[in-house]
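Hi there,

Here is the structure I promised to pass on. Have a look at it first, and then read my notes below.

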Amino acid sequence: MRWLEDIRYNKSLDKSDFKICNGEENVKQYFNLGDNIEIEGDKPYINSHFTNGFNSEKMPKESGLIRIRFIVNCEGQTDRFRLLESDLQYGSKKFNRKISDTVMALSKSLTGWKQKINSEGNPADYYQYLVFRIVNGEIIKILP
Amino acid sequence: MKVILTIIISIVLVGSIFSQPNCNIYLWQSDTLQYKACKHSIKFNDYYQFDMKGIAVLDSCLAICPYYADANYEYGVVYLKAGNFIGWNKYINAAVKYDAANYLGLRASCRGKFFADYTGAINDIDSLASIVNYDIGFVHDGTYHLDAYKALCYKALNKNIIAIELFEKHLIKNSEFIGLFDYLHLGVAYHNIGNYSKAIDCFSNQEKINNLAENNYYKAKSYLKIADTIEFDKYIHIANELINSKQKMIDGYHIMEDEIFMSDIQNIKELADNIR
């Protein structure tokens with residue numbers, strides 16, 4: 001591992017044809033390349049994408065945080081999605097699969113990720129993440 | 001005339017305390033373990049924050065002195081920036097355990113800004129206020145005084161009346177530390193409870209301090225609520241001009257509270273057109 005939190009290719013999880021344009025060693029963090037989230041429609045699009053696609057139902061024991069972290073490549077395509085979960089006190093938790101699978105699927109179906117430009121002036125590959133704050137089975141906030 | 005605190009926030013990194021640590025302070029306290037860890041930690045500056053070689057430096061620091069709070073904090077910051085709440089929580093909790101006065105405020109604002117843990121943030125700010133007898137200071141990137149940030153957390157929890165009380169108190173108590181967005185958030189809180197004239201006053205004050213697309217958008221929104229379409233048109237036009245010239249709220253890491261986008265302006269214009 002080169003950087004903390006690097007996402008290495010895993011053939012059981014990742015697309016074999018997903019292209020890292022500038023080499024694995026040059027995948028940047030999203031915040032090192034200008035504005036925070038850069039996607040067509042901005043944050044309102046992300047919010048509506050999950051509002052429309054996430055079938056909220058009251059699930060009293062399903063509260064906590066989910067992080068979906070992934071790579072956006074130089075062409076705005078995404079892959080290497082990884083899931084991290086906790087309860088609201090940042091302790092260990094496994095969400096009901098109905099929730100975590102939906103959040104993952106909706107994250108994968110987001111489109112319109114924009115190119116970010118690296119210091120050499122070329123389209124970069126970068127790590128992006130989304131954090132979902134979930135209370136009683138409902139997404140109440142999407143970050144960052 | 002009030003002195004307005006101006007803080008450039010967009011490029012301020014969350015963690016930078018290793019830039020010039022004064023390690024001698026630990027020698028004066030006869031704490032040689034913290035002194036050695038502190039001296040070793042300076043090497044962390046040689047690496048990009050996520051670099052495993054830099055992380056190895058932090059591991060060494062903590063092997064020398066597990067209770068060296070700064071190294072725990074820096075370790076946590078790397079996880080924080082990757083959105084890893086579990087890794088971050090482990091290390092920031094250690095930093096707070098060993099140096100609560102310095103790290104409670106930082107944990108508070110990171111909890112709120114990165115994980116929408118507004119209740120946790122409020123609790124941390126209250127804890128900090130209970131253990132220090134000096135000004136509690138600012139959030140991790142300097143954007144807000146912690147008194148204002150506490151108010152913002154209540155607003156985010158939809159407790160607008162408490163938020164207004166705290167913001168108003170902060171503006172009097174900390175008149176030399178008025179932040180770049182304090183009046184904007186206060187105005188939105190007034191708008192949320194239906195006090196549109198107070199909201200408009202706040203947006204006018206915000207205009208004098210830091211005129212942004214946001215204060216003009218919310219001002220237009222308040223005028224629309226009182227059916228003043230002439231003023232609505234005026235301020236939504238200004239909001240549109242400012243957002244096109246990128247004179248808007250921006251943060252390198254996340255979307256800010258009350259930040260707006262072009263679609264917000266388009267949506268409210270359509271709403272206004274339907275009302276006319």
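A word on domains before anything else: their bounds come from an automatic or database domain assignment. Please also keep in mind that this is a predicted model. On that assignment, chain B is divided into domain 1 (24-131) and domain 2 (180-275), and the C-alpha centres of these two domains of chain B lie 37 Å apart.

Next, the contact between the chains. Chain A puts in 26 residues and chain B puts in 24 residues. On the side of chain A that touches chain B, the elements giving two or more residues are helix 1 (42-53), strand 2, strand 3, strand 4 (126-135) and strand 5 (138-143) of chain A. The residues of that side comprise 13 nonpolar, four polar and nine charged.

Helix 5 of chain B is worth a look here. Its buried residues are Phe85(B), Trp88(B), Asn89(B), Tyr91(B), Ile92(B), Ala94(B), Ala95(B) and Val96(B). What covers them includes strand 2 (64-72) and strand 3 (78-86) of chain A, along with helix 4 (69-81) and helix 6 (100-115) of chain B.

The buried residues of helix 7, including Tyr118(B), Ile122(B), Ile125(B) and Leu128(B), pack against helix 6 and helix 8 (146-156) of chain B.

In helix 9 (residues 160-173) of chain B you will find Phe167(B). Phe167(B) has 24 other C-beta atoms within 10 Å, and since 20 or more are needed, it counts as buried. Beyond its neighbours within four places in sequence, its contacts are Ala148(B), Ala151(B), Asp182(B), His185(B), Leu186(B) and Ala189(B).

Finally, some backbone details. Most residues other than glycine have a negative phi, and most peptide bonds are trans. Tyr90(A), however, has a positive phi near 70°; Tyr90(A) sits in the loop between strand 3 and helix 2 (97-108) of chain A. Ala116(B), in the loop between helix 6 and helix 7 of chain B, has a positive phi of about 55°. The peptide bond from Leu143(A) to Pro144(A) is cis, with omega near 5°, and Pro144(A) lies in the segment after strand 5 of chain A.

Best wishes

Terms used: Residues are numbered from 1 along each chain as its sequence is written. Chains are lettered from A and ligands numbered from 1 in the order in which they are written. This is a predicted model: local features need pLDDT of at least 70, side-chain atom pairs count only at pLDDT 80 or more; totals for chains, interfaces and linings use all residues. A residue is buried if 20 or more other C-beta atoms lie within 10 Å of its own, exposed if 12 or fewer, and partly exposed in between; C-beta atoms are placed from the backbone. Helices (H or I, at least four residues) and strands (E, at least two) are DSSP runs, numbered from the N terminus. Two residues are in contact if their C-beta atoms, placed from the backbone, lie within 7 Å. Ala, Val, Leu, Ile, Met, Phe, Trp, Tyr, Cys and Pro count as nonpolar, Asp, Glu, Lys and Arg as charged, and the others, Gly among them, as polar.
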